[in-house]
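Here is a short report to read beside the sequence and the 3D view.

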Amino acid sequence: MSSNTDSTTLTLKVEFGGGLELLFANERKHTITLPSLVAPANDDSAIRERTPPNITYLIHHLRTHLLTERPELFTEGSTVRLGILVLVNDTDWELEGEGECELHDGDEIVFISTLHGG
């Protein structure tokens, strides 16, 4: 179900829980806009076709544009750190292809830390 009338962008709802919101200026909910087509990750060639953004692209975008502190608590390499549950429209991202899960206008992505100190 698409809610965006501009086909050049996607609007996503992103939410952080389990303490992750502290890394994102203590804001749990964000509405973000991404281009509807992006260059493939780690691609030096301008020849390859642009593709719809996926979760890996979103993680990079969040780290670059919204994360305010301690990136090592959110990401490890190009993915989220072990112990962070990712839900795409209320479905575990592992069932959707993890980082390769293609994003669509109106998607809701939730990141929840399952690790707690003590």
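Leaving aside its neighbours within four places in sequence, which residues is Asn54 in contact with? They are Gly99, Glu100, Cys101, Glu102 and Leu103, where contact means heavy atoms within 4.5 Å.

This is a predicted model: local features need pLDDT of at least 70, side-chain atom pairs count only at pLDDT 80 or more, and totals for chains, interfaces and linings use all residues. Residues are numbered from 1 along each chain as its sequence is written, and side-chain values use heavy atoms, with hydrogens and water left out.

**Asn54 and helix H1**

Asn54 sits in the loop between S2 and H1. Helices (H or I, at least four residues) and strands (E, at least two) are DSSP runs, numbered from the N terminus. Asn54 counts as buried because its relative accessibility is 17%. Buried means under 20% relative accessible area, exposed over 50%, and partly exposed in between (1.4 Å probe, protein chains only).

Asn54 also caps the N-terminal end of H1. One of its side-chain oxygens lies 3.1 Å from the backbone nitrogen of Thr56. A polar contact is a pair of N or O atoms within 3.5 Å; within protein, one must be able to donate a hydrogen and the other to accept it, and residues adjacent in sequence count only if both atoms are side-chain atoms.

Helix H1 spans residues 55-65. Its buried residues are Ile55, Thr56, Leu58, Ile59, His61 and Leu62. What covers them includes S1, S2, strand S3 (75-76), strand S4 (79-80), strand S5 (84-88) and strand S7 (108-113).

**The sheet**

An open sheet is built from 5 strands in the order S2-S1-S7-S5-S6, with mixed pairing. Two strands pair if DSSP finds at least two bridges between them. S2 and strand S6 (91-92) stand at the edges with a single partner strand each, so one side of each has no neighbour in the sheet. H1 packs on this sheet and touches S1, S2, S5 and S7. The direction of H1 makes about 115° with that of S2. Axes are lines fitted to C-alpha atoms, for helices over the stretch in contact, and angles run from 0 to 180 degrees between N-to-C directions.

| Pair | Sense | Bridges | Residues opposite each other |
|---|---|---|---|
| S1 and S2 | antiparallel | 7 bridges | Thr9 and Pro35 |
| S1 and S7 | parallel | 5 bridges | Lys13 and Glu108; Gly17 and Ile112 |
| S5 and S7 | antiparallel | 5 bridges | Leu87 and Val110 |

Strand S1 covers residues 9-17, and strand S2 covers residues 29-35. S2 has two faces. His30, Ile32 and Leu34 make up the covered one. Lys29, Thr31, Thr33 and Pro35 make up the uncovered one.

Asp90 lies in the loop between S5 and S6. It counts as exposed because its relative accessibility is 67%. Asp90 and Val110 are 20 residues apart in sequence, yet 7.9 Å apart in space, C-alpha to C-alpha.

**Core and aromatic rings**

The largest nonpolar core has 24 residues. Ile55, Leu58, Leu62, Phe74 and Phe111 touch the most other members. S1, S2, H1, S5 and S7 each give two or more residues to this core. A nonpolar core is a set of buried Ala, Val, Leu, Ile, Met, Phe, Trp, Tyr and Cys residues joined through side-chain atoms within 4.5 Å. Beyond its neighbours within four places in sequence, Leu62 is in contact with Val14, Phe16, Phe24, Ile32, Leu67, Phe74 and Phe111.

A search of the whole structure finds 5 aromatic pairs. Rings of Phe, Tyr and Trp (its six-membered ring) pair if their centres lie within 6.5 Å; planes under 30 degrees apart count as stacked, over 60 as edge-to-face and the rest as tilted.

Phe16 and Phe74 form an edge-to-face pair, 6.2 Å centre to centre with 75° between the planes. Phe16 is in strand S1 and Phe74 in the loop between H1 and S3, 58 residues apart. Both are buried. Phe24 and Phe74 are also edge-to-face, at 5.1 Å centre to centre and 85° between the planes. Phe24 lies in the loop between S1 and S2, so its pair with Phe74 ties together parts 50 residues apart in sequence. Ring pairs link Phe16, Phe24, Phe74 and Phe111 into a cluster.
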